[in-house]
Amino acid sequence: GEARRGCGRGRRLMSYATVAECRAWIGRPGTTPTPDDVLAAVLASACEDIDAHCGRSFAVAPVDAEVTSRVYVADSPRVLIDDVCVIDGVEESEDGVAWTPAAVTWHAEPWNVTPVTTIVGDGAFSAYVRVTSSAWGWPSVPARVCQATLMHTARLHARRNSPSGVEGIDDFGAVRVSGRLDGDVARMLEPLRRADRVLGLA
């Protein structure tokens, strides 16, 4: 069957649902089925919209992945980092060239939750922090992200037959189909938005 994996920032896009799941959600029996490649493109676009709305990717951390490092500016003892399941090491540097293990004692937050998004030192770090891990991403795609993906994919799919944004006419006038996240999807994703990225809050 089709694999369900996270849409990874900086890597080949995967989806939070399968084409078959989207087709079942959209329904419309008796109509000509949308070709798989077309529906897959709509699904990929829906996934990108969800990532942008939440300010993060929900890519699942690969099993047995290579250890990689990411560098962050450390302008306070609290350093916001990308979603990560396990932190293998934290180093610091004044110039971004020469690195040494972090001199301060640190812990990851939020507590007792995976993934973590912040490292907190008991004192100031140097100018830059380098975090090393073999498990960048999520342990699994949250159920609400999978459901939101199906709902938003169906909304974008409806635009295929209404390029002007008008799906039909009712007693109150034109029925418009927007490509934006609808209210239900936005509310579903609200707890998963990263305030530091979508609202600029630390």
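**Strands, helices and loops in a predicted model**

User: Which residue in E6 stands opposite tryptophan 106?

Analyst: Glycine 121 stands opposite tryptophan 106. Strands (E, at least two residues) and helices (H or I, at least four) are DSSP runs, numbered from the N terminus.

User: What should I know about the source?

Analyst: This is a predicted model, where local features need pLDDT of at least 70, side-chain atom pairs count only at pLDDT 80 or more, and totals for chains, interfaces and linings use all residues. Residues are numbered from 1 along each chain as its sequence is written, and side-chain values use heavy atoms, with hydrogens and water left out.

User: Back to that pair. How many bridges join E5 to E6?

Analyst: There are 4 bridges between E5 and E6, and the two run antiparallel. Strands count as paired if DSSP finds at least two bridges between them.

User: What order do the strands take in the open sheet?

Analyst: The order is E5-E6-E2-E8, 4 strands with antiparallel pairing. Strand E5 (106–109) and strand E8 (135–136) are at the edges. Each has a single partner strand, so one side of each has no neighbour in the sheet.

User: What about E2 with E6?

Analyst: Strand E2 (residues 78–86) pairs with strand E6 (residues 116–121) over 4 bridges, in the antiparallel sense. Valine 79 has isoleucine 119 in E6 as its bridge partner.

User: Which residue in the E5 and E6 hairpin takes a positive phi?

Analyst: Asparagine 112, with phi near 55 degrees. The hairpin has 6 residues between the strands.

User: Is asparagine 112 buried or exposed?

Analyst: Exposed, at a relative accessible area of 82%. The cut-offs are under 20% for buried, over 50% for exposed and partly exposed in between (1.4 Å probe, protein chains only).

User: What is phi at aspartate 64?

Analyst: Near 60 degrees, a positive value in a residue other than glycine. Aspartate 64 sits in the loop between H2 and strand E1 (68–73). At 75% relative accessibility, aspartate 64 counts as exposed.

User: New topic, helices. At what angle do H1 and H2 pack?

Analyst: About 90 degrees, with the axes 10 Å apart. H1 covers residues 19–26 and H2 covers residues 36–54. Axes are lines fitted to C-alpha atoms over the stretch in contact, and angles between N-to-C directions run from 0 to 180 degrees. H1 and H2 are therefore roughly perpendicular. That label spans 65 to 115 degrees; under 35 is roughly parallel, over 145 roughly antiparallel, and the rest oblique.

User: Which residues meet?

Analyst: Val19, Cys22, Arg23 and Ile26 in H1 meet Asp36, Leu39, Ala40 and Leu43 in H2. Contact means heavy atoms within 4.5 Å.

User: How is confidence overall?

Analyst: The chain averages a pLDDT of 85, and 82% of the residues score at least 70. The pLDDT is the predictor's confidence in each residue, from 0 to 100.

User: Where does pLDDT stay under 50?

Analyst: Over residues 165–170, among other places, where the model has 17 contacts beyond four places in sequence. Residues 172–177 are below 50 too, with 18 contacts beyond near neighbours in sequence.
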